[in-house]
Amino acid sequence: MLKPLLPALFLASPLCAEVPKVVTDIAPVQGLVASVMGDLGTPELLVPQGASPHDHALSPSEARNLQDADLVVWIGAELSPGIGRKIDAIAGSATELALFDAEVTAHLATRDEALFEHDHDHANDGNAHEEHAHEDHDHDHDHDHDHDHDHDDHDHDDHDHEGDSDAHHDDDDHAAAAHGHDHGPEDPHVWLSPANARAWLGVIAHALAEADRENAGAYRANAEAAQAEIDAAVTTARAQLDAARDSRFVVFHDAYQYFEDTFGLNVLGAIQLSDATAPSPARLSELRDAIAETGATCVFAEPQFDSRLIDAVTEGTEVKVAELDPLGMALEPGAGFYPALIGDLATRISDCAAD
């Protein structure tokens with residue numbers, strides 16, 4: 001949702017307009033914005049590689065960048081409530097674009113359980129989801145934003161939260177309260193849907209064109225080129241992951257649901273909730289038992305989090321451990337970042353499944 005915090009901000013004549021100073025929250029968003037800006041400018045990054053957006057505290061230099069921004073492009077308070085408070089406090093002269101709230105954004109419901117249920121026809125669903133998303137999100141760059149999604153088509157309503165799992169759900173709820181987290185009803189890791197990222201390029205181009213009408217054509221052309229790069233990355237990733245669809249994985253925190261949905265992957269469960277809340281002992285025990293019983297292929301660690309929790313769920317098993325990073329810490333920031341992120345995730349998953 002594009003929310004003007006100061007309505008008169010961009011009233012200057014288009015002939016006198018300057019390229020806006022843009023600040024982004026996480027590297028995947030910075031990469032998308034950089035691809036739209038091209039040679040015209042470089043967006044700043046608020047959450048450095050290696051930090052978690054769920055609880056990152058801004059440094060003085062990051063706060064100054066936010067204070068000087070003309071346009072802030074971020075996922076939204078659902079992912080980074082602390083950054084949301086900083087935007088409200090010190091970026092009052094900027095226009096805010098919260099991608100989570102954009103009309104083109106498809107959402108999935110937050111999952112609370114340690115173990116996930118899956119439709120076994122999910123591999124086919126992944127292809128169908130991507131084709132549907134391309135139809136709905138393929139902008140002609142008139143940017144009317146009238147593609148309003150029925151989120152019920154995307155939400156996973158088939159997760160049963162009743163029965164024997166109630167006890168460890170309560171444990172997780174208490175852990176969340178203790179850590180100050182209150183995850184919402186929709187999963188905030190929306191950037192791991194390539195269809196969302198593809199759609200956002202048009203939204204970002206529109207926001208930049210509104211701020212800098214002189215370069216509007218360049219922003220829109222750059223967005224089209226970046227959409228084609230995402231399409232190519234998805235095609236390659238789908239081929240890589242085809243052989244991994246029968247494998248079972250455990251992830252460190254529940255950040256990959258959109259990626260799973262796109263590519264039809266079978267993720268058995270997550271050690272932490274989607275807001276990275278510390279897991280309860282009951283949750284760890286349930287995952288450890290499931291790994292032993294199902295013969296899970298791989299458990300994925302993340303560079304931002306404590307690896308000792310991996311040891312807690314793999315103890316006594318022979319499951320492989322590899323690293324997966326939804327923020328792409330090892331990747332080069334900039335215009336090619338997002339296609340590289342899709343490729344990196346696909347390669348790491350397929351390599352672990354094949355070993």
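**A first look at threonine 235**

Is threonine 235 buried or exposed? With a relative accessible area of 56%, threonine 235 is exposed; here exposed means over 50% relative accessible area, buried means under 20%, and partly exposed is in between (1.4 Å probe, protein chains only). You will find threonine 235 in helix α7. Glycine 343 is 108 residues away from threonine 235 in sequence, yet their C-alpha atoms are 9.9 Å apart in space.

**What you are looking at**

This is a predicted model, in which local features need pLDDT of at least 70 and side-chain atom pairs count only at pLDDT 80 or more, while totals for chains, interfaces and linings use all residues. Residues are numbered from 1 along each chain as its sequence is written, and side-chain values use heavy atoms, leaving out hydrogens and water.

The protein has 11 helices and 9 strands. Both are DSSP runs numbered from the N terminus: helices are H or I with at least four residues, strands are E with at least two. Of the 355 residues, 54% count as buried. Contact means heavy atoms within 4.5 Å. Among contacts between residues at least 6 apart in sequence, 73% join residues at least 24 apart.

**How confident is the prediction?**

The predictor's confidence in each residue is called pLDDT, and it runs from 0 to 100. For this protein the mean pLDDT is 81, and 77% of the residues reach 70 or more. Over residues 4–16 the pLDDT is below 50, and this stretch has 21 contacts in the model beyond near neighbours in sequence. Residues 120–181 also have pLDDT below 50, with 103 contacts beyond near neighbours in sequence. Where pLDDT is low, the predicted coordinates should not be read in detail.

Two packed helices are described by the angle between their axes and the distance between the axes. Axes are lines fitted to C-alpha atoms, for helices over the stretch in contact, and angles run from 0 to 180 degrees between N-to-C directions. Angles under 35 degrees count as roughly parallel, over 145 as roughly antiparallel, 65 to 115 as roughly perpendicular and the rest as oblique.

Helix α1 (residues 27–37) packs with helix α7 (residues 216–241) at about 130 degrees, their axes 7 Å apart, and the two are therefore oblique to each other. On the α1 side, the contact is made by Leu32, Ser35, Val36 and Met37. The residues of this contact divide into 8 nonpolar, 2 polar and no charged. Nonpolar covers Ala, Val, Leu, Ile, Met, Phe, Trp, Tyr, Cys and Pro; charged covers Asp, Glu, Lys and Arg; the others, Gly among them, are polar.

Helix α6 (residues 194–211) crosses α7 at roughly 175 degrees, with axes that come within 8 Å. These helices are therefore roughly antiparallel to each other. Their contact divides into 12 nonpolar, 3 polar and 3 charged residues.

**A disulfide and a buried threonine**

A disulfide is counted when two cysteine sulfur atoms lie within 2.5 Å, and the count comes to 1. It joins cysteine 298 to cysteine 352, S to S 2.0 Å. Cysteine 298 lies in strand β8 (residues 298–301) and cysteine 352 in helix α11 (residues 337–354), so the pair ties together parts 54 residues apart in sequence. Both cysteine 298 and cysteine 352 are buried.

Now try threonine 314, in helix α10 (residues 308–314). Threonine 314 is buried, with a relative accessible area of 13%. Leaving aside neighbours within four places in sequence, threonine 314 is in contact with Val299, Val319 and Val321.
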